[in-house]
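User: Please go through the structure below with me, turn by turn. I would like each term defined when it comes up.

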Amino acid sequence: MSTIMSAQGLNLWYSNNQALYDVNMELPKNQITALIGPSGCGKSTFLKTLNRMNDLVEGIRIEGKILYDGQDIYDPQVDTTWLRKEVGMVFQKPNPFPMSVYDNIAYGPKLQGIRSKVRLDEIVEKSLRGAAIWDEVKDRLNKSALGLSGGQQQRLCIARALAVEPKVLLMDEPTSALDPISTSKIE
């Protein structure tokens, strides 16, 4: 089985508080990998290291390596915009952009240079279907995403992540705000 990402000797500190201790882990290609552990044990922190979301946290220090397709993602030459397209993230709490449902999904593809309305329409529908929310929002695509329920917002965020077709999709308890039927659809 080939590996798409790996952590090698990963240690992380928030100022003087060490949160990750010598993490060594391989993430195989085309597989679902679950991290299981008690609240506060570093699962979310570890996930955020895999696409450099921790770069935005003040006072953070990281040692060790995270390799994506053999490349050290913490190399200064790595473009974080490229990395976050390759390694998408869905957070535990929904974070829709303050714009329409359609624009939330089309945002990433537009950043990648896709301008064709026909192509964007296809991406939006495919992504919303993939997140099991198309039937609920197909008549509200031009309405604000902030008007959706919490569970709908979370599925919208999943669709937004799917729209850029990441090679790796990190999900930090993405169904914690969803009802059992929506959870089943996403799984």
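Analyst: Buried means under 20% relative accessible area, exposed over 50%, and partly exposed in between, with a 1.4 Å probe and protein chains only. Helices (H or I, at least four residues) and strands (E, at least two) are DSSP runs, numbered from the N terminus. This is a predicted model, in which local features need pLDDT of at least 70 and side-chain atom pairs count only at pLDDT 80 or more, while totals for chains, interfaces and linings use all residues. Residues are numbered from 1 along each chain as its sequence is written, and side-chain values use heavy atoms, leaving out hydrogens and water.

User: Which residues of strand 5 point the other way from V87 and M89?

Analyst: Strand 5 covers residues 87-90, and its residues are all buried. V87 and M89 point one way, and the other way point G88 and V90.

User: Which residue of strand 6 stands opposite V90?

Analyst: Two strands pair if DSSP finds at least two bridges between them. Strand 5 and strand 6 (residues 168-171) run parallel and are joined by four bridges. Within strand 6, the residue opposite V90 is M171.

User: What is the angle at which helix 3 and helix 6 pack?

Analyst: Axes are lines fitted to C-alpha atoms, for helices over the stretch in contact, and angles run from 0 to 180 degrees between N-to-C directions. Helix 3 (residues 101-111) and helix 6 (residues 150-163) have their axes 7 Å apart. Angles under 35 degrees count as roughly parallel, over 145 as roughly antiparallel, 65 to 115 as roughly perpendicular and the rest as oblique. Helix 3 and helix 6 are therefore roughly parallel to each other, at an angle of about 25°.

User: Which residues of helix 6 make the contact with helix 3?

Analyst: Contact means heavy atoms within 4.5 Å. From helix 3, V101, N104, I105 and P109 take part. Helix 6 contributes L156, A159, R160 and A163.

User: Which helices do the buried residues of helix 3 pack against?

Analyst: The buried residues of helix 3 are V101, Y102, N104, I105, A106, G108 and P109. They pack against helix 4, helix 5 (134-137) and helix 6.

User: How far apart are the N and O atoms in the salt bridge of E125 and R129?

Analyst: A salt bridge is a side-chain nitrogen of Lys or Arg within 4 Å of a carboxyl oxygen of Asp or Glu, and the structure holds ten of them. E125 and R129 both lie in helix 4 (residues 117-130), four residues apart, which is about one turn of the helix. E125 is partly exposed at 29% relative accessibility, as is R129 at 47%. The N to O distance is 2.9 Å.

User: Is D135 buried or exposed?

Analyst: The side chain of D135 meets that of K138 in a salt bridge with an N to O distance of 3.8 Å. K138 is partly exposed, its relative accessible area being 38%. D135 has a relative accessible area of 59%, so D135 is exposed.
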